[in-house]
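Subject: Structure for your review

Dear colleague,

Please find below the structure that I am handing over to you.

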Amino acid sequence: MCGALTSRDFRNQVSPILVKLKHWLHQRDTQYLAFYALVGTFIMAICTYTSPVFYFDYSPDNNAFFSVGKAMMHGKVLYKQIFEQKGPYIYLIHGLAYLVDHRSFVLIYVFEALTLIAAMFLTHRIAKLVLKNHLQALLVGLLSPALFLYHPYYDYGDTAEFYVIPLILSLIYLILMLKARRFNVSHWWFFAQGAFVGIEFLSKYTLLGSWIVFYLFVGVYLLRHRDWRHLGQLVGWSGAGFLVTTVPWLAYFALNHAMGAFFYVYFFFNTHVYLTSSVSFVSNLIQSTSLLSQFFLSSVPFFVLGLVGTLALTFRSDILPDAFTKLLYLLTFLGSDILALYGYSSGNVFQYYQLAYFPFFVLPFIYFCKFIFDRQTIKSDNDTLVILTTMMASLFLVLGVNNNFTSSRLFPNNASVTTLTTKVPQEPAQTEFGRIMRANSSGKNLTLLNYGSIDMGFYTASGAVPNLYYFQNYNIPTKSDPTILNSQLQAIRQKKVEWVVFNTPEGKAPTNWRGVSYHPGQITGGNLNPGTARMAPVLYRNYRYVTKHTQSFESVNVTYWLFQRKSAE
């Protein structure tokens, strides 16, 4: 038949593709990438709470992201019909995770593993530029996970600060290439950086410091040198990448009449309510610089990698070869680290925010590895013993800097599951309560209120879709926005949900828990709510006690309480 594709035609079309694929698979970098994939997947399995090796991901933030993502997948409009203040990309990936498994973070574990693999591979590529040796670059890449999984900066996992690591590393790689290649790099590099700016702008915009400095510095440099061709490439392709990653979201908010809610929550609320500092712009920059200095002085490894190593890069020319590269790298480093904690003061910083500092440890780490490699010759590019020894050393270092595995199924009945001393297998409160709620719900749709605390994981474990705008509390004093707890109390009074879950310190009853006196109206350690004494009379009038469960969270013994709506008499 005319136009039909014969088997010979098919082979002729497919054969070049197979040849290219075979060539790609035989490339050394491809084989190294596969090796990093195996190592990174295993390491993440024992380091992130999103891994199936763990009983449950107890992180309040991660569960809040999952709950909002789930609500989005059920048609609720972000910021307009459900309240949370992170960027929409965070909720999108968790919504996708919900579609894969309604009650687990297995897809998020895959995302985290891919993030670590990408970070290891980019570390390898940066090291190869510097060391000019394939095996040495492989060894550096294998050792790099200890830099990215340093506890408590990498805590439960699944944070914007962790996901940004490979993106910043890609920018560092680009910085090293630019002057060496006289700006003759593929336009896709600029497109990718523009796309990353859009993603971070709509994920957590305080992580944009490195790109802000990069574009300002390179733009001014090209303008001064009247390099219109490269300036046009930089602006045009970066702008295209930015538009691809931002315009769809603007269309989403516009079509759902939620543009006002988006600007209010994501920009105004974050900058005027959530930030702990109210001083001037310059004062905030000084404050952020002080926090960076304190961080470097808090630990010998941080001091060596962050300060001594960076100064060494500046004074030498074997890593950063010219003034342009040195100045661009240093300013990008400072811009990223200072803006990451902009608006926060000492004592009000969550340590996982500072994970954004760690990508800039990579180049100093490579410098110190080079110092060792220059004094110890590695004979072969295929030295199996050296590779296996380095791989074991990497795992040893990761276990030394991250002890999350002690809360995993490898340690049955650990404190994160129960405070009981027993050999009988136990389950965390989230799993136990979730099963009870699914088995005993009276309606078709399970409805739940997580009272007073950031999401404790019961929406995830039960499968409940949030039906209230303020489905949880937030890490701000009650006086900053009293409508949050007032609306939750009103929901209990009007019996808008079938189930209510909340926490108290171990040994405290709901009727006498009044919060921590020196943090009135505020969530405190262990994600403890600001108090339940005011809420208790309304609760007991409309709901009946079902069960309670005590387990440790963030070194605090916390009792979780489950109540069910009373039936109409």
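This is a predicted model: local features need pLDDT of at least 70, side-chain atom pairs count only at pLDDT 80 or more; totals for chains, interfaces and linings use all residues.

Helix packing. Helix H4, residues 88–100, packs with helix H5, residues 106–131, at an angle of about 130°. Their axes are 7 Å apart. At that angle, H4 is oblique to H5. On the H4 side, the contact is formed by Ile93, His94, Leu96, Ala97 and Val100, which meet Val106, Leu107, Ile108 and Phe111 of H5. By class, 8 residues of this contact are nonpolar and 1 is polar, with no charged residue.

Cavities. The model contains 3 cavities of 30 Å³ or more. The largest cavity holds about 70 Å³ of space. Its lining consists of Asp61, Glu84, Gln85, Lys86, Tyr274, Ile454, Gln472, Asn473, Tyr474 and Asn475. Of the residues lining the largest cavity, 3 are nonpolar, 4 polar and 3 charged.

Tyrosine 560. This residue belongs to strand S4, which spans residues 556–565. Tyrosine 560 has a relative accessible area of 3% and is therefore buried, the cut-off being under 20%. Setting aside neighbours within four places in sequence, tyrosine 560 is in contact with residues including Phe433, Met456, Phe458, Phe502, Lys548 and Phe553. Glutamine 430 is also among its contacts. The C-alpha atoms of tyrosine 560 and glutamine 430 are separated by 8.9 Å, while the two residues are 130 residues apart along the chain.

With kind regards

Terms used. Residues are numbered from 1 along each chain as its sequence is written. Side-chain values use heavy atoms; hydrogens and water are left out. Axes are lines fitted to C-alpha atoms, for helices over the stretch in contact, and angles run from 0 to 180 degrees between N-to-C directions. Helices (H or I, at least four residues) and strands (E, at least two) are DSSP runs, numbered from the N terminus. Angles under 35 degrees count as roughly parallel, over 145 as roughly antiparallel, 65 to 115 as roughly perpendicular and the rest as oblique. Contact means heavy atoms within 4.5 Å. Ala, Val, Leu, Ile, Met, Phe, Trp, Tyr, Cys and Pro count as nonpolar, Asp, Glu, Lys and Arg as charged, and the others, Gly among them, as polar. On a 1 Å grid over the protein atoms alone, a cavity is a set of points where a 1.4 Å probe fits but cannot get out, and a pocket is an open set with protein on both sides within 12 Å along at least five of seven lines; lining residues have an atom within 4 Å of a point. Grid points are joined across faces, edges and corners, and a volume is the space filled by probe spheres set on the points. Buried means under 20% relative accessible area, exposed over 50%, partly exposed in between (1.4 Å probe, protein chains only).
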